[in-house]
Amino acid sequence: MTNHELGRKLEGLIGQERKITREMLELINVAWERRAYLDLGFASMFDWLTKGFGYSNASAWRRIEAARLLRAVPEVSAKLQTGEVNLSTLSKVQTLIRTQEKITGQRVSREVKAEVVQRIENKSTQEAEKILMGLFPEAGSTVHQER
């Protein structure tokens, strides 16, 4: 296999991985709506992903948080598949939004969530984190302290 063939194959697999990640998050949301994890004997979605499927705690949490954001802002799904955003950045967005909501006692609107996602498009995880800390400094400080 030449280096060019290797590059093309890798590019194809990355595209498939993005598609599968998007589909997985959408299925997590379907399972959530149906509360399928309860029927299958698990107390929570987190338990189902960790105990039922063997995800690490961090991997399960990232998927749950990203799925929550996809549920709130469905157009994010297409951005995930194109690579404009990724699982890690979506998870960070949702985690900070949920923390912000807890701190303020007010829901962050779907429009604000969509705007936040737009601001982190095509950014590395570190760049996205800096943007998010600027948008939600109090929430960012709280999340940082919890870690």
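Hi everyone. Helices (H or I, at least four residues) and strands (E, at least two) are DSSP runs, numbered from the N terminus. This is a predicted model, where local features need pLDDT of at least 70 and side-chain atom pairs count only at pLDDT 80 or more, while totals for chains, interfaces and linings use all residues. Residues are numbered from 1 along each chain as its sequence is written, and side-chain values use heavy atoms, with hydrogens and water left out.

Let's start with two loops. N122 sits in the loop between α7 and α8, and its phi is positive, about 60°, although N122 is not a glycine. Most residues other than glycine have a negative phi. Is N122 buried or exposed? With a 1.4 Å probe and protein chains only, buried means under 20% relative accessible area, exposed over 50%, and partly exposed in between. N122 has 58% relative accessibility, so it counts as exposed.

The other case is R35, in the loop between α1 and α2. Just after α1, R35 takes a positive phi of about 55°. At a relative accessible area of 46%, R35 is partly exposed.

Now to α1 itself. The expected span of a helix is 1.5 Å times one less than its number of residues. For the 32 residues of α1 that gives 46 Å, and the end C-alpha atoms are 46 Å apart, which agrees. Its buried residues include T21, R22, L25 and I28. What covers them? Among the elements doing so are α2, α3, α4, α5 and α6, with contact meaning heavy atoms within 4.5 Å.

Take α3 as a partner. Axes are lines fitted to C-alpha atoms, for helices over the stretch in contact, and angles run from 0 to 180 degrees between N-to-C directions. The α1 and α3 axes come within 11 Å and cross at roughly 125°. Angles under 35 degrees count as roughly parallel, over 145 as roughly antiparallel, 65 to 115 as roughly perpendicular and the rest as oblique, and α1 and α3 are therefore oblique to each other. Here I28, A31 and W32 of α1 meet M45, W48 and L49 of α3.

Finally, the core. A nonpolar core is a set of buried Ala, Val, Leu, Ile, Met, Phe, Trp, Tyr and Cys residues joined through side-chain atoms within 4.5 Å. The largest one has 31 residues, and those touching the most other members are L25, M45, V76, V85, L90, V93 and V117. Its largest share, six residues, comes from α4. Beyond its neighbours within four places in sequence, V93 is in contact with L69, V116, V117, I120 and L132.
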